[in-house]
Every structure is written in structure tokens, then in C-alpha cells.
Amino acid sequence: MPATLDARPARPGEDFSRVALTAPAAALLDTLWERHGPLMFHQSGGCCDGSAPMCYPAGEFITGDADVLLGVFDLPGRGELGFWMSREQFSYWSHTHLTVDVVVGRGSGFSLEAPEGKRFLIRSEILDIA
């Protein structure tokens, strides 16, 4: 697997990826998928680098008009995993490319990786879409 895996664009009219996974994040997702089945991410808060996206079984977190689908990952051997963000949060982050990484540490009790002693986090950089 490459150093990062880019998500397919999901926003109408966009032809660039807004979100990627590091290889360690993809490996953890593979483990979680094995235990829980299809997965999804939702980023509802956090204003900067180091914010934690939440990983849920696909469909467990109900999305709607208040959410934006930023991208869809095609996980090798598994399937599709959507990355959602609250529309309000997206208004602050619309100029950034997000990379989901994983670090040692206790995440949120609601995110599936919490019992693993690891947590997902966001690394961000300004989008270069000129």
C-alpha cells in the first residue's frame, strides 16, 4: 500500500481528493473492519490539526443535511468507507486537505479504535487547487 490512500472525491463538481489515510490508519481500519464490518468516519468538531475523527460501523451515525460527504475510500479487500464532516465544521475546513493518521493514546469512548489503545487524528494542510 502507498504511504497514503486518497479518497475518491464525493462533492459535486470536485475532481480532487480532500481526504487521505496513512498506511497505519488503513491498517487499523482493516483490523476494525474485521471485527465490526463496514465502517465510516465522521468529523464533527475540532478546529485544527490533531482533531479526532470518529470511526463508527457504517450507518450507525446517521448523516443528513447537516453533514457533508468529503470522500470515499476504497479499502483494499474490504469495500467503501465514507468520510463525513458536519457542514458547519466544513465551512472552517473547506480550504484544507485532511489526512487521517493514527497515534498511540486513548481516543473517544464512542470511536471504535478506543479499546485498541490508539486514536485516529487529523493532519491538515492547505489545499492547492489553483
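Biologist: What makes strand β6 largely enclosed by the rest of the structure?

Modeller: Seven of the nine residues of β6 (residues 67-75) are buried, so the strand counts as largely enclosed. Buried means under 20% relative accessible area, exposed means over 50%, and partly exposed lies in between, with a 1.4 Å probe and protein chains only. Strands are DSSP runs of E, at least two residues long, and helices are runs of H or I of at least four, numbered from the N terminus. Mind that this is a predicted model, where local features need pLDDT of at least 70 and side-chain atom pairs count only at pLDDT 80 or more, while totals for chains, interfaces and linings use all residues. Residues are numbered from 1 along each chain as its sequence is written, and side-chain values use heavy atoms, leaving out hydrogens and water.

Biologist: How do you know that β6 and β7 (residues 79-86) pair?

Modeller: Two strands pair if DSSP finds at least two bridges between them. Eight bridges join β6 to β7, and they run antiparallel. Val 72, for one, has Gly 82 as its bridge partner in β7. Strand β2 (residues 8-9) is joined to β6 by two bridges, also antiparallel, with Arg 8 partnered by Val 72.

Biologist: Why is the pair of Phe 41 and Phe 83 called tilted?

Modeller: Rings of Phe, Tyr and Trp (its six-membered ring) pair if their centres lie within 6.5 Å; planes under 30 degrees apart are stacked, over 60 edge-to-face, and the rest tilted. Here the centres are 5.7 Å apart and the planes at 45°, so tilted it is. The pair links distant parts of the chain, with Phe 41 in strand β4 and Phe 83 in strand β7, 42 residues apart. Both residues are buried.

Biologist: And what makes Tyr 56 and Phe 61 stacked?

Modeller: Their rings sit 5.3 Å centre to centre with 25° between the planes, which puts the pair in the stacked class.

Biologist: Is Tyr 56 buried or exposed?

Modeller: Tyr 56 has 11% relative accessibility, so it counts as buried. Phe 61 has a relative accessible area of 27%, so it is partly exposed.

Biologist: Which residues have the most contacts inside the largest nonpolar core?

Modeller: Leu 21, Leu 29, Phe 41, Phe 73, Phe 83, Val 100 and Phe 120, in a core of 28 residues. Such a core is a set of buried Ala, Val, Leu, Ile, Met, Phe, Trp, Tyr and Cys residues joined through side-chain atoms within 4.5 Å. Helix α1 gives the most to this core, with six residues.
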